[in-house]
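Trainee: I have a new model open on my screen. Can you show me how to read it, feature by feature?

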Amino acid sequence: MPLTIPAGSIALVGMPGCGKSTVGRHLARLLGWRFIDSDHEIERQIGGSVRAYFEQHGEAAFRELEQQTLTTLCQHTQTVLATGGGAVLRQANRQALKSGCEVVYLRSKPEELFRRLRHDTQRPLLQVKDPLRRLRDLFRERDPLYRDAAHFVIETGRPSVPTLVNMILMQLELAGVIDPAQVPSTVGRVLPPQA
Ligand code: S3P
């Protein structure tokens, strides 16, 4: 049973470690849609890891690949797309995301991200002496860009994944983007806490 999302897809944007992939996978399962992680799509194309690609070819080459991949993925329908944390850096990507998808920004504070990512070894931009400082710098630079790309902003804090998924669905329902009657498994969902 098709949902009434005119743009046909939902894209999640936000800082590394904000939960785009985990939340996206759950959301897609609930909607009966396909889930795509743009970094995994890039890794499939290059036959290796994003981290190794950064080391061998540099960030600029990665951003080119990322733009090509996003341009294609934004044209999909009935897809939940988890983007890489730097997907919003290019204006062309922000535009492609916003015109092709309903874009949800999962907004987490650098301190919260650090708590989750302090042992991470896979994210090339965080392999530095002071990852918290790097996260703060990235957040300062990117928060306005995520907001620019997004139709909806969800403050993640520390809620569970199902709660975040419910919060996203509720935003989409309130905006008239999806019809609650068409999401059967969300009947009786827990309401998010009052702001
Ligand atoms: C990046 C985030 C990564 C990945 C690449 C660059 C960034 O994705 O695309 O390492 O610039 O923040 P996640 O947000 O899934 O970690």
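Trainee: In which order do the elements of the protein run from the N terminus on?

Mentor: Remember that this is a predicted model. From the N terminus on, the order is β-α-β-α-α-α-β-α-β-α-α-β-α. That gives the protein 8 helices and 5 strands.

Trainee: How much of the protein is buried?

Mentor: Look at relative accessible area. Under 20% is buried, over 50% is exposed, and partly exposed lies in between. Here the protein has 195 residues, and buried ones make up 48% of them.

Trainee: Which helix holds R51?

Mentor: R51 is in helix 3, which covers residues 50-57. R51 has a relative accessible area of 25%, so it is partly exposed. Now apply the chain-versus-space check. R51 and P124 are 73 residues apart along the chain, with 5.3 Å between their C-alpha atoms.

Trainee: And G100, buried or exposed?

Mentor: G100 is in helix 5, residues 91-100. Its relative accessibility is 13%, therefore G100 counts as buried. G100 and Q75 are 25 residues apart in sequence and 6.1 Å apart in space, C-alpha to C-alpha.

Trainee: Next, backbone angles. What is phi of Q78?

Mentor: Phi of Q78 is near 45°, a positive value in a residue other than glycine. Q78 is in the loop between helix 4 (59-73) and strand 3 (79-82). Q78 counts as partly exposed because its relative accessibility is 34%.

Trainee: Now the ligand. Where does the ligand sit?

Mentor: Find the pocket, then list the neighbours. The ligand sits in the largest pocket. There are 13 residues around the ligand, and K20, R63, G85, R123 and R142 come nearest.

Trainee: How do the residues of that shell divide by type?

Mentor: The shell has 5 nonpolar, 3 polar and 5 charged residues.

Trainee: Which atom of K20 lies 2.6 Å from an oxygen atom of the ligand?

Mentor: For K20, a polar side-chain atom lies 2.6 Å from a ligand oxygen. R142 also has a side-chain N or O atom at 2.7 Å from an oxygen atom of the ligand. With G86, a backbone N or O atom lies 3.5 Å from a ligand oxygen.

Trainee: How much of the ligand does the protein bury?

Mentor: Take the area of the ligand alone, then ask what share is covered. Alone, the ligand exposes 390 Å², and the protein buries 93% of that.

How values were computed: Residues numbered from 1 in each chain as written. Predicted model: local features only at pLDDT ≥ 70, side-chain atom pairs only at ≥ 80, totals over all residues. Heavy atoms only, no water. Near = heavy atom within 4 Å. Polar contact = N/O pair within 3.5 Å; in protein donor to acceptor, adjacent residues only side chain to side chain. Areas by Shrake-Rupley, 256 points an atom, 1.4 Å probe, with all protein chains shown as cover. 1 Å grid on protein atoms, 1.4 Å probe; cavity = no way out; pocket = protein on both sides within 12 Å on 5 of 7 lines; lining within 4 Å. Sits in = over half its atoms within 2 Å of the grid points. Nonpolar A, V, L, I, M, F, W, Y, C, P; charged D, E, K, R; others polar. Helix = DSSP H or I, 4+ residues; strand = E, 2+ residues; numbered from the N terminus. Buried < 20%, exposed > 50% of the residue type's maximum accessible area, 1.4 Å probe, protein only.
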